[in-house]
Amino acid sequence: MNLSAHGGKLVNIPDVSDREAHHTIEVSYGTAIRIMNMKMGILSPLKGFMGESDFHSVVENQRLENGLPWSIPYTLDIGEKEFRCVRAGDTVRLSQNSGVIAIMDVTDIYRYDRIEYCRKVFGTTSTDHPGVRNIRESTGICMAGEIKSANLPEIPFLKETLFPVDTRQIFLERGWKTVTGFQTRNVPHRGHEEMQRTALRVTDGIFINPVIGKKKPGDYRDEIIMKSYDTLINNYYPSNRVLFSPLHYEMSYGGPREAMIHAIMRKNFGCTHFVVGRDHAGIGNFYGPYDAQKNLQAFELGIEIMNMDEVFYCKKCEQLATSRDCSHVDGDRVHFSGTMVRDTLKNGLSPETYLFRKDVYETINRHDNKFVERV
Ligand SMILES: [Zn+2]
């Protein structure tokens with residue numbers, strides 16, 4: 001198990017007790033989730049929203065001002081109205097659906113250049129990129145400060161959700177010295193399974209930690225992801241070697257930069273290894289297939305990055321393979337793609353069992369509403 005959290009100590013922010021505040025600001029669900037992840041130490045060492053010097057250091061160098069690797073700014077965007085009335089030194093109450101989420105002491109309020117942010121963090125300013133779209137639609141004004149206390153927001157699957165204190169305890173009890181963190185945002189096809197089995201062969205345990213929360217239209221609904229993994233884990237994996245929990249998190253599709261945040265979060269859960277596959281956290285053709293792996297190599301993250309090549313089915317080898325262990329040409333290979341499985345589902349067909357487990361597929365197919373329609 002990874003004993004040290006990122007930056008040394010696992011953050012733990014206490015619950016809100018009544019405290020006077022100068023202002024109350026309503027925040028989005030995404031912000032409430034980020035605060036929850038700070039409170040529970042998933043984003044250690046962050047204890048609040050970044051001030052201007054950390055912001056610029058992260059954008060320019062993928063490091064906090066103190067030198068610790070960190071690749072995407074965590075900011076609290078505010079509107080012009082708050083910009084006019086909130087001052088550094090004020091205490092603000094952050095609320096969501098009129099419930100108190102957090103109390104924050106404001107240290108800093110600043111504006112940033114949104115185009116410059118997108119160019120450096122996402123490597124593009126194209127509004128076809130959802131992360132870029134989010135930033136360009138924001139105000140470009142942030143309020144920085146330390147979260148003094150915070151409450152858990154209302155989240156789905158709370159009972160199934162494990163936080164770093166829980167996972168660290170379980171890894172300890174199970175005697176796992178090495179643990180692989182596995183990031184996903186999809187139902188498991190045989191390619192994912194092959195990567196998970198590869199990890200199971202070389203580390204004591206695997207922590208499967210799919211992202212749930214805000215989705216794009218066409219994505220699988222959270223419930224479908226949860227149930228399909230239930231089937232895979234219960235029917236195929238040794239139960240004492242796998243731990244499963246959803247991660248409440250909003251993807252920004254930042255490819256190479258977002259991969260670093262994914263790795264850091266799993267380090268905070270206590271993982272010693274983290275799988276980075278092909279086009280990790282990417283979208284469309286914005287990033288090269290192995291850019292994320294390359295980016296992570298340049299940093300000392302304190303978690304071992306397990307680079308994995310694309311898994312495909314090779315008709316000549318008659319098995320799942322990667323280009324590291326198969327000599328055949330592309331025409332012999334069947335590549336996995338999200339649309340392949342989706343089209344099969346839509347047409348009511350059964351996928352080839354070398355691409356998709358029959359029982360996993362049936363679990364998915366049992367549901368009428370498999371996909372997110374709109375957000
Ligand atoms: Zn082959």
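F157 sits in the loop between β5 (141-150) and α6 (164-174). In this predicted model, the phi of F157 is near 60°. That is a positive value in a residue other than glycine. Most residues other than glycine have a negative phi.

A cis peptide bond joins S44 and P45. Its omega is about 10°. Most peptide bonds are trans. P45 belongs to the loop between α1 and β2 (48-49).

Now the overall division. The chain splits into domain 1 (23-150) and domain 2 (164-251 + 309-365). Taken over C-alpha atoms, the centres of domain 1 and domain 2 are separated by 32 Å. Domain 1 puts 11 residues into the contact, and domain 2 puts in six residues.

What area is buried between domain 1 and domain 2? The value is about 680 Å². Carbon and sulfur atoms give 60% of that area. The size of an interface is often given as the accessible area lost when the parts come together.

Polar links across this interface come next. The rule finds zero salt bridges between domain 1 and domain 2. It finds one residue pair in polar contact across the interface, with both residues at pLDDT 80 or more. On the side of domain 1 that touches domain 2, the largest share comes from helix α1 (residues 29-39). That helix supplies six residues. By type, the residues on this side of domain 1 divide into six nonpolar, four polar and one charged.

Salt bridges do occur in the model. A search of the whole structure finds 16 salt bridges. One of them pairs K120 with E60. Their closest N and O atoms are 2.9 Å apart. K120 lies in helix α4 (residues 114-121) and E60 in helix α2 (residues 52-61), so the pair ties together parts that are 60 residues apart in sequence.

An unreviewed entry gives "domain: ATP-sulfurylase PUA-like" for residues 20-150. In the model, residues 20-150 are 33% helix and 27% strand. The end C-alpha atoms of this span lie 14 Å apart.

The record also places "domain: Sulphate adenylyltransferase catalytic" (unreviewed entry) at residues 163-366.

Terms used: Residues are numbered from 1 along each chain as its sequence is written. This is a predicted model: local features need pLDDT of at least 70, side-chain atom pairs count only at pLDDT 80 or more; totals for chains, interfaces and linings use all residues. Side-chain values use heavy atoms; hydrogens and water are left out. Domain bounds come from an automatic or database domain assignment. Contact means heavy atoms within 4.5 Å. Buried area is the accessible area (1.4 Å probe) that two parts lose on being put together, summed over both. A salt bridge is a side-chain nitrogen of Lys or Arg within 4 Å of a carboxyl oxygen of Asp or Glu. A polar contact is a pair of N or O atoms within 3.5 Å; within protein, one must be able to donate a hydrogen and the other to accept it, and residues adjacent in sequence count only if both atoms are side-chain atoms. Helices (H or I, at least four residues) and strands (E, at least two) are DSSP runs, numbered from the N terminus. Ala, Val, Leu, Ile, Met, Phe, Trp, Tyr, Cys and Pro count as nonpolar, Asp, Glu, Lys and Arg as charged, and the others, Gly among them, as polar. UniProt positions are given in the numbering used here, feature names are shortened, and annotations may be inferred rather than shown by experiment.
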